[in-house]
Amino acid sequence: MGGFKNLLAHFFKRPVKNWNIENRAFKLLEEQERLKPAVAPRHPTTVEKLDDLIKERPELLELQRQKDESLDSMLKGMIVNPEKVNEVVTKSIGQLPVDRSPIIDDDFGYTEPNKIPQGKCTIRQSMKFIADYHADPKKVTVQRIAKEYSLDTQQLIHILKYFQTLDLHIPDPKSKLGAKSGHKQLGTGGETVKITR
Amino acid sequence: MKTTVNFLNTSDVGIFFETYSQLGFRLNSGLMVIGPCAVFPRSVLHWNVRNVDDISEESLSLFTILEPKIDILVIGVGEHKCLSRFNPKLIQHLRSKRIGMEILPTDQAVATFNFLNSEKRYVAGALIPPSYIPVDDDNLEEDELYLDNTVPDMFEEYKNPGSAEVEASFKKAKDQFFKWRKETEKDKH
């Protein structure tokens, strides 16, 4: 089948394809020439002036087509050397932090504030007054706590009603649960129980 | 004399819950907290509420007066169905105090607290043990150990474990309890 195709190409296709090829090529070239983008027309007011300039100083037209090497070398001598690039900030500007060392946790797992607003308390303080109150409610009265920590009395009554420090029950360490529970682990894992009373 | 502890965990990790049950929570230090508790990054308090209905502005008062203000409060209401009983006005109340909150069933609340605390967020938890936990072999064993060893210490009449009468009555009560629990499990499933 391939041989037959080649024969067809030899006797029919190629002569047909090449028929009048030269004329057709020239015609195509002319067409392309015609379609080339034309130079934009100059503004009527400048036409005369530009023509005069070209007539008087034709060397200017030539000059603008050539590369000016002297302009290139102008940048080569330039050195960029800003003075403030490696300046180290040692003083804090406003509230920005300067110390980058890792934060070491406090006892209660957060940084305790220096100033405590009225009517507020820290966990450390609340732990203390709750433990103190439940240890001896007659001696450490609500009014006394409220005055000492400048808290709202009504709110303090609610706090002391609903929150208490843990009561400690220790199961017999010989028993199954005692062996399983944490009393042997305490102290070995870095934990501490602070007994306040 | 009563002994109270101000529990602090000074290791790097802070407080984590290892397990929870109907009785309370076991912490990573091995201590078991019985009943509802208020947890902070490294300290625990008892929280004197019975169930989700007792959660109110008053019973959450401590969380709103803390300085610095806590980032987020994780409230564990008990089992899943208790969520609907949570008072929606409290959400507005805590929002007005600018405290973020997660109101969750206790099982999820425990996990959320552990996660937030491990990220060193300034988190507080208010958790009520669930009154119902589906039984499997693990927590059955835990409860049995607890009943055998800890509960007797708490009852005045069980101060003399030598007496055979008390032993027998306790064993009977224990058997009844497990029988009752297994039956209720069957009903629920």
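Buried residues have under 20% relative accessible area, exposed ones over 50%, and partly exposed ones lie in between (1.4 Å probe, protein chains only). This is a predicted model, in which local features need pLDDT of at least 70 and side-chain atom pairs count only at pLDDT 80 or more, while totals for chains, interfaces and linings use all residues. Residues are numbered from 1 along each chain as its sequence is written, chains are lettered from A and ligands numbered from 1 in the order in which they are written, and side-chain values use heavy atoms, with hydrogens and water left out.

**View 1. Salt bridge between Arg57(A) and Glu59(A).** A salt bridge is a side-chain nitrogen of Lys or Arg within 4 Å of a carboxyl oxygen of Asp or Glu. Over all chains the structure holds ten of them. For Arg57(A) and Glu59(A) the N to O distance is 3.2 Å. Arg57(A) is partly exposed at 44% relative accessible area, and Glu59(A) is partly exposed at 42%.

**View 2. Salt bridge between Glu31(A) and Arg34(A) in helix H2 of chain A.** Helices (H or I, at least four residues) and strands (E, at least two) are DSSP runs, numbered from the N terminus. The closest N and O atoms of the pair are 3.3 Å apart. Because Glu31(A) and Arg34(A) are three residues apart in H2 (residues 21–35), about one helical turn separates them. Glu31(A) is partly exposed, with a relative accessible area of 39%, whereas Arg34(A) counts as exposed at 60%.

**View 3. Salt bridge between Arg124(A) and Glu112(A).** The closest N and O atoms are 2.9 Å apart. This pair links distant parts of the chain, twelve residues apart: Arg124(A) belongs to helix H6 of chain A, and Glu112(A) to the loop between helix H5 (69–76) and H6 of chain A. Both residues are partly exposed, Arg124(A) with a relative accessible area of 35% and Glu112(A) with 21%.

**View 4. Crossing of helices H6 and H8 of chain A.** The axes of H6 (residues 123–135) and H8 (residues 153–162) come within 10 Å and cross at roughly 75°. Axes are lines fitted to C-alpha atoms, for helices over the stretch in contact, and angles run from 0 to 180 degrees between N-to-C directions. H6(A) and H8(A) are therefore roughly perpendicular, a term for angles of 65 to 115 degrees. In H6(A), Phe129(A), Ile130(A), Tyr133(A) and His134(A) meet Leu156(A), Ile159(A) and Leu160(A) of H8(A), contact meaning heavy atoms within 4.5 Å. Six of the contact residues are nonpolar, one is polar and none is charged. Here Ala, Val, Leu, Ile, Met, Phe, Trp, Tyr, Cys and Pro count as nonpolar, Asp, Glu, Lys and Arg as charged, and the others, Gly among them, as polar.

Definitions and conventions
Angles under 35 degrees count as roughly parallel, over 145 as roughly antiparallel, 65 to 115 as roughly perpendicular and the rest as oblique.
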